[in-house]
Amino acid sequence: MGEYYLGIDLGGTKIAGLIGDEQGKIIAEKTIPTLAEEGVEPVINRIKNIILELMGEVTPGQVKGIGLCAPGPLNIKTGEVMHAPNLKWKNVQIVGILEKEFGLPVILENDANAAGYGECIYGAGKGAVNMLYMTVSTGIGGGIIANGELVYGRDYCAGEVGHMIVLPGGPLCGCGQHGCIEALASGTAIARTARKRLEDGEQSIISDLVKGDINTVTSREVAEAARQGDQLAVSLLDEAFFYLGIAIGNLINILNPETIVIGGGVAKMGDLLFDRVSRVLQDHAFPHMVKGVSIVPAVLAGRAGTMGMVALVRKRLNS
Ligand SMILES: [Zn+2]
C-alpha cells in the first residue's frame, strides 16, 4: 500500500485540496470556495470537510500527513497564521486544530514558498537545487530554494522578493515603502500606470479594448495592445519589466540560482515578459551567472501550492 500525502492551499477565494503519492502523482483532488466573508469558524469547517472528503477517496490509513499553505505572515514553527487580511484571520492556530481533528502530523507553510517548492520538486524547476520562484500577479511574491531547502530567515519571513526596492522614491507600495518591484511590475501596478497615462490624454488602442471605460483597464488589455504594436502599451511593459529585470539581476548575483521559475497572471504574457527580462539581465548582472541560469514559466498553475505541500509533508515525515 503506497503512502499518500494531503496538501491544502487556502486562498482568499478558494480552498484547493489534493492527495498525492510519493512521486507526486495525483490520487484525488477537489476545490471549493473559501467564502471568507462568512467568518473564521466556517472557513475552518470547510477545510476540515475538504480533507474528510479527500480522505474518503483512499484506503483509511494511507494518508500519512497533511500540509496546509496560506497567505502570510505565519509561523511554521508554532503552526499559527498570525494575520491574513484576505481571510480576516488573526492568530489562528490552524495546525493544532487540524492535528486534533485528524490525529495526523500537520504542517503549515507560506503559500508562495509552497508554490516555489512545488515547482522545484514536480514542476518547471524539477531537478534544480538552487531555484528562485517568483509569482507576478496582483502582487509579487516569491520563494527561495538554496541547496535544496527553502530559505526561511529568523521569523520565517524570507523571500519577500516583491518588496525589493529598485526605484527609491518611486510609486507607493502596499507595504508602505516606495519603489518596490510590486509597485512597478505587478499586474496592479501596470494597470494603474496605464490608466494614469490614458487619463493624461495619451493615445492608445487600450482605450478601444475597454470601450472607452478607462477605469476597467487591467494588465491583460495592456498585453493585448502591446501584441498589436501599440506604442503606449509597449512602453508601459518595457518599463515594468525593466524594473523586474533589475530585481531579478540582483537576485541572480546574490543567489546564483540555476533556475528561475516565474508564475502568476502577468507571467502569462509570455515572451513579452521573458524576452524583456532576459535583455535587461545582459547588462545588469554578472554575465557568467546570467549565462548559466534558465528562466522559465511556472507549469503547475493552480496546483503549485497543493503539490508543494505534498512534497513538503513527505519531506518532513521522511527526514
Ligand atoms: Zn513593497
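Biologist: What makes strand 2 and strand 3 a pair?

Modeller: Two strands pair if DSSP finds at least two bridges between them. Strand 2 and strand 3 (residues 26-33) have seven bridges, in the antiparallel sense. Seven meets the cut-off, so they pair.

Biologist: What does the model itself rest on?

Modeller: This is a predicted model: local features need pLDDT of at least 70, side-chain atom pairs count only at pLDDT 80 or more, and totals for chains, interfaces and linings use all residues. Residues are numbered from 1 along each chain as its sequence is written, and side-chain values use heavy atoms, with hydrogens and water left out.

Biologist: How do you know that strand 5 and strand 6 pair?

Modeller: DSSP runs of E, at least two residues, are strands; runs of H or I, at least four, are helices; both are numbered from the N terminus. Strand 5 is residues 74-75. Its pairing with strand 6 (residues 80-84) is antiparallel and has two bridges. Two is what the pairing rule asks for, so the pair counts. Asparagine 75 stands opposite glutamate 80 of strand 6.

Biologist: Why are strand 5 and strand 7 called edge strands?

Modeller: The sheet is open, with the order 5-6-7 and antiparallel pairing. Strand 5 and strand 7 (89-92) each pair on one side only.

Biologist: In what order do the strands of the five-stranded sheet run?

Modeller: The order is 11-10-9-12-13, in an open sheet with mixed pairing. Strand 11 (149-150) and strand 13 (294-297) are at the edges; each has a single partner strand, so one side of each has no neighbour in the sheet. Strand 12 (residues 259-263) pairs with strand 13 in the parallel sense, over four bridges. In that pairing, isoleucine 260 stands opposite isoleucine 295.

Biologist: What makes helix 8 a partner of this sheet?

Modeller: Contact means heavy atoms within 4.5 Å. Helix 8 (residues 231-255) packs on the sheet and touches strand 9 (131-136), strand 10 (140-146) and strand 12.

Biologist: How is the chain divided into domains?

Modeller: Domain 1 is 4-109 and domain 2 is 124-299. Such bounds come from an automatic or database domain assignment. The two centres, taken over C-alpha atoms, are 29 Å apart. Five residues of domain 1 and four residues of domain 2 make the contact.

Biologist: Why is one space called a cavity and another a pocket?

Modeller: On a 1 Å grid over the protein atoms alone, a cavity is a set of points where a 1.4 Å probe fits but cannot get out; a pocket is an open set with protein on both sides within 12 Å along at least five of seven lines; lining residues have an atom within 4 Å of a point. Points join across faces, edges and corners, and the volume is the space filled by probe spheres set on them. The whole structure has one cavity of 30 Å³ or more.

Biologist: What lines the largest cavity?

Modeller: Asn130, Met131, Leu132, Ile144, Ile145, Ala146, Leu255 and Pro257 line it. Strand 9 and strand 10 each give two or more of these residues. Strand 10 has the largest share, three residues.

Biologist: Where is the centre of the largest pocket?

Modeller: Of its 50 lining residues, Asp111, Ala112, Thr135, Ser137 and Thr138 are the closest to the centre. The volume is about 1,600 Å³. Helix 3 gives the most to the lining, five residues. Domain 1 and domain 2 each supply at least three. By class there are 22 nonpolar, 20 polar and eight charged residues.

Biologist: Which helix gives the most to the lining of the second largest pocket?

Modeller: Helix 7 does, with three residues. This pocket holds about 310 Å³. Helix 5 (187-199) and helix 7 (219-227) each supply at least two lining residues. The lining includes Ser137, Thr138, Arg220 and Lys268. Its classes are three nonpolar, seven polar and two charged.

Technical notes:
Axes are lines fitted to C-alpha atoms, for helices over the stretch in contact, and angles run from 0 to 180 degrees between N-to-C directions. Ala, Val, Leu, Ile, Met, Phe, Trp, Tyr, Cys and Pro count as nonpolar, Asp, Glu, Lys and Arg as charged, and the others, Gly among them, as polar.
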